[in-house]
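Colleague: I would like to learn how to read a model like this one. Could we go through it feature by feature?

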Amino acid sequence: MILVFKLLSTPLLILCLTLLSRRFGPAVGGLLMGIPLVTGPVSVFTALENGAAFARHAAVGNLVGQVSTCIFCFVYARAARRFNCWVSMVVGVGAFFLATFVWNLANWTFAEAIGLLLVTLLLLSFLTKPVNMEALAGIAPRWDLPARMVVSTGFVFLITLSTRYLGPQLSGLVAPFPVFVLVLAMFTHHQRGAPAAANLLRGVIVGSFSFAAFFTVVALALSDSWLAFAYGFATLASMATTSAIYLSTRATPFVGTTPSIGLVAVAPLKPNISRDGGSL
């Protein structure tokens, strides 16, 4: 059930996130990826299949796992200042799994998990700054959207199969693997340069406060008799957090917003347009 949901939803979500990033800029696209678009519904299926206690335990793992996602974003953005998208991907994914390995050595309580995540978000939000970049208009190649959808679906399929053999904590730690972030960051980096990728990744870090809000409610309020109420309230908390972040940044909007990019190719963009990632 979880696998079917992921395989059906992943291409649609990648399509929507790509179009929104093109319309409103990579930073806003990154902010939207902070919402648990996949891990949230997966948590619902987990609770239905394994019970609320298992889902609460997995939610604690989700909170710690999101720390690894934010570390991936920070490391990738730093690496992108000097390297191409492939090297940056390897370094970022390596940082994610190294952090996951470390987190899995401990037994996490909710207080420890949310404390670690909030400290990480505040620190990385301070260390990463919006990157100034010139607006870039262009035409995406024909294969761009299909490639994004196929690659992301393949990643989701492999990760979902692997989590079947893991316990609740490690499943929760691995579940936030940044499939959408990885795919969009690599394509953005390759087509529009390191500054655009850095803005997208910073948006994910800031948007992770919404992720924290959702799984805080799940970890504290979920019970077998209140599944619908707990997940409904968690969704409202996540959306309210995203709205508050977006509204608070409108006065000083994310830089790097670009005009809409079409879907039909007439001339492909040059890869790695800017190697200068600016100050993070």
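Colleague: Is Phe214 buried or exposed?

Modeller: Burial is read from relative accessible area: buried is under 20%, exposed is over 50%, and partly exposed lies in between, with a 1.4 Å probe and protein chains only. Phe214 has a relative accessible area of 5%, so Phe214 is buried. Phe215 is buried too, at 0%. Across the chain of 280 residues, 54% count as buried.

Colleague: What should I know about the model before going on?

Modeller: This is a predicted model, in which local features need pLDDT of at least 70, side-chain atom pairs count only at pLDDT 80 or more, and totals for chains, interfaces and linings use all residues. Residues are numbered from 1 along each chain as its sequence is written, and side-chain values use heavy atoms, with hydrogens and water left out.

Colleague: How many aromatic pairs does the structure hold?

Modeller: A pair of aromatic rings is described by the distance of the centres and the angle of the planes. Rings of Phe, Tyr and Trp (its six-membered ring) pair if their centres lie within 6.5 Å; planes under 30 degrees apart are stacked, over 60 edge-to-face, and the rest tilted. The structure holds 8 such pairs. In one of them, Phe214 and Phe215 have ring centres 4.9 Å apart and planes at 70°, so the pair is edge-to-face. Phe229 and Phe233 are stacked instead, with 6.3 Å centre to centre and 10° between the planes.

Colleague: Where do Phe229 and Phe233 sit in the fold?

Modeller: Helices (H or I, at least four residues) and strands (E, at least two) are DSSP runs, numbered from the N terminus. The chain has 11 helices and 0 strands. An α-helix has 3.6 residues a turn, so residues three or four places apart point the same way. Phe229 and Phe233 are 4 residues apart in helix α11 (residues 227-250), about one helical turn. Phe233 is partly exposed, at 46% relative accessibility.

Colleague: What span does helix α9 reach?

Modeller: The expected span is 1.5 Å times one less than the number of residues. Helix α9 (residues 179-192) has 14 residues and reaches 19 Å from its first C-alpha to its last, close to the expected 20 Å. In α9, 13 of the 14 residues are buried, so this helix is largely enclosed by the rest of the structure. Gly193 follows α9, with a positive phi near 100°.

Colleague: What does the side chain of Ser125 reach?

Modeller: A side-chain contact is read from the atoms it joins. Ser125 lies in helix α6. Its side chain reaches the backbone oxygen of Leu121 at 2.6 Å. Ser125 is buried, with a relative accessible area of 16%.

Colleague: Where is Ala219 placed?

Modeller: Ala219 is in helix α10 (residues 194-221). Ala219 counts as buried, at 13% relative accessibility. Ala53 is 166 residues away from Ala219 along the chain, yet their C-alpha atoms are separated by 9.1 Å.

Key. A polar contact is a pair of N or O atoms within 3.5 Å; within protein, one must be able to donate a hydrogen and the other to accept it, and residues adjacent in sequence count only if both atoms are side-chain atoms.
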